Amino acid sequence: MTAKVMVPDYIFESSWEVCNKVGGIYTVLSTRAKTLQSKMKDHLVFIGPDCWKDKPSPYFYEDKSLLNDWVKQAAAEGLKVRVGRWAIPGNPLVVLVDFEPFYQTRDEIYARLWEGFQVDSLHGYGDYDEASMFSYAAGKVVESYYHFYLDASKKVIYQGHEWMTGLGLLYIQARVPAIATIFTTHATSIGRSIAGNNKPLYEYLRAYNGDQMAAELNMQSKHSIEKQTAKYVDCFTTVSGITARECQELLDKPVDEVLLNGFEDSIVPKGDAFLKKRVSARKRLLDVANALMGETFDNESVIVSTSGRYEFRNKGIDVFLQAMNGLRYAQDCHKKILAVIEVPAWVGEPRQDLIERLKSGRVFNTPLQYPMLTHWLNNIGDDRILAMMNSLGMNNQMDDHVKVMFVPCYLTGDDGVFNMTYYDLIIGNDLCVYPSYYEPWGYTPLEAIAFKVPCLTTDLAGFGIWANEVKGGYSELTDGVKVIHRTDNNYFEVADTIQDTILQFTQYSEEEVTEIRNKAFELSKKALWSKFIRYYNEAYQKALTMSQQRNIIKNNKN
């Protein structure tokens, strides 16, 4: 007999990155929202931290006509919330909560967390308190909304992303057991820490003890909340097979479902608009590089970029620089290459000397000081990208046919130099390189191919593994994505492969490049949310079934 398919009536979803663009989870949620919202309407409610308060936010616009009766009730319960719309495709309903009032009772909150779920909060430091108080406040929001509007006749899901939402998930599990809970880890905190501390993660994964490594790396509290949340929720999920292995070994809990990350292509321009955007992006990138370096990059130049969070080893920034340095000495490279690193760092002010050159419209034949840096850094003497470039002698000398431009800010359209968004600039690239060592999924390569930019990634990235599965073997650049085999120890081999692939790309004909760009775009169509949302539906079914069984058992005991 086939089990009855259960569909949620309401979905609450929380993350530190709701209306707060700081990393890849923002992309996961904001691109998936339209697909879910088209079906759920305002029965889909996102919950995020009220980081902006009275300041205007580019991601959120408040609407005081929404849920205003509940907002008054929430205030009476000690919850300060703002309700509105998230400024993304679909414009889903969102609740931003002020979590700061809960700091005064955090010791009590942590004590109950230990008593109920054995979560160790004693070793918390840094952002642990901030994330935990938000998580608790988000759980209180779900509880309050549920009791005000809903009842046990409704099938309700509460999904939280990353360890920062664990406390709230466990709170709901204890206080409102009728709600089914889903926990999604996009990267285990201890796995990321092992990789980020230059320890070999993959060769010794089966030998690592998560608790022991958490103690060694001073990660006990984050690891504890993540491990216990995974243990107690109705459905534990992650975003790729490679991270599922990590969860099994380091959290001692196999995942229930793997939720592959998709993409929403409504943001990709079509037809003539696409061509105009590409021309505009290339012109801006080349104009800035020419003004910065006193160079003469023309439209025949090859623009290669990498981007993502500033995780020097994990994101493969070090390998990218190593490969670009090797290309400087390639005798058969007959095109100029502009290598762009778009990685937010400790950015200071946009460079006024660069801005003045750009405004002048003149052609310059001498570089500015620091001819690789578009914005000043607050730690210019300690930055790892600049330090590695200096150690390799990569100073953008006039006779170098490969030059590097470091863009150390978020590209939100108001950075002072480019004044274009990331998506408006990525379309101008010829090739993107993401040689990640630790990458649970990898949105940057998926974003690249959605804009018809072929890319390189590795088989330590969830996206790279997926691309290989689609190909039925190792995907090559002629397929739109080249997946490079990467291990704990083959750093230089990966750099050489990147170097050779870029060199090969510069020698392709215009027709061959067009074919590769089309193949990249075709591959992106296979990763749309309309294709991948089925994995979420399976997780909802699993969570609702487990919740129902859990409540039946509990009621029978009573």
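**Exercise 1.** Classify Lys53 by accessibility and find its salt-bridge partner.

*Solution.* Step 1: Lys53 has a relative accessible area of 30%, so this residue is partly exposed (buried means under 20%, exposed over 50%, partly exposed in between; 1.4 Å probe, protein chains only). The model is predicted: local features need pLDDT of at least 70, side-chain atom pairs count only at pLDDT 80 or more, and totals for chains, interfaces and linings use all residues. Residues are numbered from 1 along each chain as its sequence is written, and side-chain values use heavy atoms, with hydrogens and water left out.

Step 2: Lys53 pairs with Glu100 in a salt bridge, with 3.0 Å between the closest N and O atoms (a side-chain nitrogen of Lys or Arg within 4 Å of a carboxyl oxygen of Asp or Glu).

Step 3: The two residues are 47 apart, Lys53 in the loop between β2 and β3 and Glu100 in the loop between β5 (93-97) and α3 (106-117) (strands are DSSP runs of E, at least two residues; helices are runs of H or I, at least four; both are numbered from the N terminus).

Step 4: Glu100 is partly exposed because its relative accessibility is 43%.

**Exercise 2.** Are Asp50 and Arg82 buried or exposed, and what joins them?

*Solution.* Step 1: Both Asp50 and Arg82 are buried.

Step 2: A salt bridge joins them, the closest N and O atoms being 2.9 Å apart.

Step 3: Asp50 sits in the loop between β2 (44-49) and β3 (60-62) and Arg82 in strand β4 (residues 81-86), so the pair ties together parts 32 residues apart in sequence.
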